[in-house]
Amino acid sequence: MKLLSILGATGSIGTSALEIVRMHPDRFQVKALTAANNLPLLRRQIQQFMPEMVAVLDEAKARELGDMLPPGVRPEILSGASGYAAAAAWDKVDTVVLAMVGAAGLNPALAAIEAGKDIALANKETLVMAGDIVMAKAREKNVTVLPVDSEHSAMFQCMLGNQARDVKQLFLTASGGPFRNTPQSDFPGITREDALNHPNWSMGNKISIDSATLMNKGLELIEAVHLFGISHQNIQVLIHPQSIVHSMVGFADGSVMAQMGVPDMKQAISFALSFPDRLDTGLSFPDFAALASLTFCAPDSERFPSLAFAREACEKKGTLPAVMNAANEVAVQAFLDRRIRFSDIFTLVSTTMAAHTCIDNPDLSGIIEADRWAREKAGSLI
Ligand SMILES: NC(=O)C1=CN([C@@H]2O[C@H](COP(=O)(O)OP(=O)(O)OC[C@H]3O[C@@H](n4cnc5c(N)ncnc54)[C@H](OP(=O)(O)O)[C@@H]3O)[C@@H](O)[C@H]2O)C=CC1
Ligand SMILES: CC(=O)[C@@H](O)[C@H](O)COP(=O)(O)O
Ligand SMILES: [Mn+2]
């Protein structure tokens, strides 16, 4: 029986993780859940899964949640950064699902690793900001970090049974997002609704916008560098509009292994939770006969410069990846709030990166300071 803490339980990944738990009550028990603002959904989850600990965004929300719960349902209710860290590090938990969105995931990730918990990692921003520190800490604490991100789960699955030294190339697939075929001249007219309309995946708002700008693939490039200890130069990004091949690994002998499935995160989440077993998820196989073709092509770096930003961050390292991530978070939120246009996201990120004086080998406080600086800088550009 795995004893779970699910951080970001009310989100797209969190609710899919709970679906897996619901399907396999003999394998998983929920001990802790966290959310930020969605108290009605968290209340229903608490009543269904009866965690002993929950954490929400702030004290006011914690009081509100307490008032919403019926008599007899009394988990410990914590709040804020200390609450999330407590839910990640609690000694009644052995596995933590990190499914919060954005930089807020870094502190609980480190708390979970420090406490020796196994990690199912969806929050890619954590590795983009501080991958060297997080992975070094995981090695020191002998903690397993299992990828939940579909591409990284795919690559991990392709590598099983092979020697790490035989991995020569990663092929990171991207759907291309909703604007794969949109001419750049139409970018100024792109609305929030257009950009949230991902062709294949149902996901939270932030990652949906990242997919539309291809920044999601930039973040995933850096995530792969840290998870698999490979240079970004050995990672090729491929546009694969069908999202059936979730990624591929090329080996020394010229063999390429691909992992496939319908675009549904329950496969990757369940594998991270049950590894090395495979659980029944209720998912069907792709209908290969009905699929006209599986296609691949190179990304268009002119319309979508995000991959170039990420490769620059990989080259310069230091605080630059955290700066790119923070500027992107500010820009995406401003676009979601209808304060900037779609193409302004690229300008905000590139201008903030260009203004940054990169610090090599930063410690955690250096990264947090770079994140703060980048948010202020990007905010001043809006
Ligand atoms: N969705 C997907 O298919 C995939 C997602 N990922 C990654 O997983 C992570 C989660 O994505 P997704 O589930 O789509 O996101 P959602 O926006 O759907 O959910 C985010 C979750 O985090 C909580 N949250 C938001 N802000 C904060 C904060 N400041 N502090 C604490 N908790 C917060 C939300 O709470 P509330 O809703 O209560 O406000 C919610 O529970 C992201 O890093 C994303 O890149 C990776 C691969 C695929
Ligand atoms: C499901 C998942 O892992 C997402 O990160 C997905 O990859 C987004 O689609 P894009 O390929 O369009 O970025
Ligand atoms: Mn992904």
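The model is predicted, so local features need pLDDT of at least 70 and side-chain atom pairs count only at pLDDT 80 or more, while totals for chains, interfaces and linings use all residues. Residues are numbered from 1 along each chain as its sequence is written, and chains are lettered from A and ligands numbered from 1 in the order in which they are written. Helices (H or I, at least four residues) and strands (E, at least two) are DSSP runs, numbered from the N terminus.

**Ligand shells**

- Around ligand 1 there are 28 residues, of which Gly11, Ala36, Asn38, Met203 and Gly204 come nearest; a residue is near a molecule if its C-beta atom, placed from the backbone, lies within 6 Å of it.
- Helix H1 (12-23), helix H6 (124-140) and H9 each give two or more residues to the shell around ligand 1.
- The ligand 1 shell divides into 14 nonpolar, 10 polar and four charged residues. Here Ala, Val, Leu, Ile, Met, Phe, Trp, Tyr, Cys and Pro count as nonpolar, Asp, Glu, Lys and Arg as charged, and the others, Gly among them, as polar.
- Ligand 2 has Asp149, Glu151, Trp201 and Lys217 among the residues around it.
- Helix H7 (150-159), helix H9 (205-213) and helix H10 (215-228) each contribute two or more residues to the ligand 2 shell.
- By class, the ligand 2 shell holds four nonpolar, five polar and three charged residues.

**The sheet**

- Four strands make an open sheet in the order E9-E8-E10-E11, with mixed pairing; two strands pair if DSSP finds at least two bridges between them.
- Strand E9 (235-239) and strand E11 (256-260) stand at the edges with a single partner strand each, so one side of each has no neighbour in the sheet.
- Strand E8 (residues 167-174) and strand E10 (residues 245-251) run antiparallel and are joined by four bridges; Phe171 has Met248 in E10 as its bridge partner.

**Helix packing**

- H10 packs on the sheet and touches E8 and E9; contact means C-beta atoms, placed from the backbone, within 7 Å.
- The axes of H10 and helix H12 (residues 306-316) come within 7 Å and cross at roughly 25°. Axes are lines fitted to C-alpha atoms, for helices over the stretch in contact, and angles run from 0 to 180 degrees between N-to-C directions.
- Residues meeting in this pair include Leu219 and Ile222 from H10, and Phe309 and Ala313 from H12.
- By class, the contact of H10 with H12 has 10 nonpolar, two polar and one charged residues.

Technical notes:
Two residues are in contact if their C-beta atoms, placed from the backbone, lie within 7 Å.
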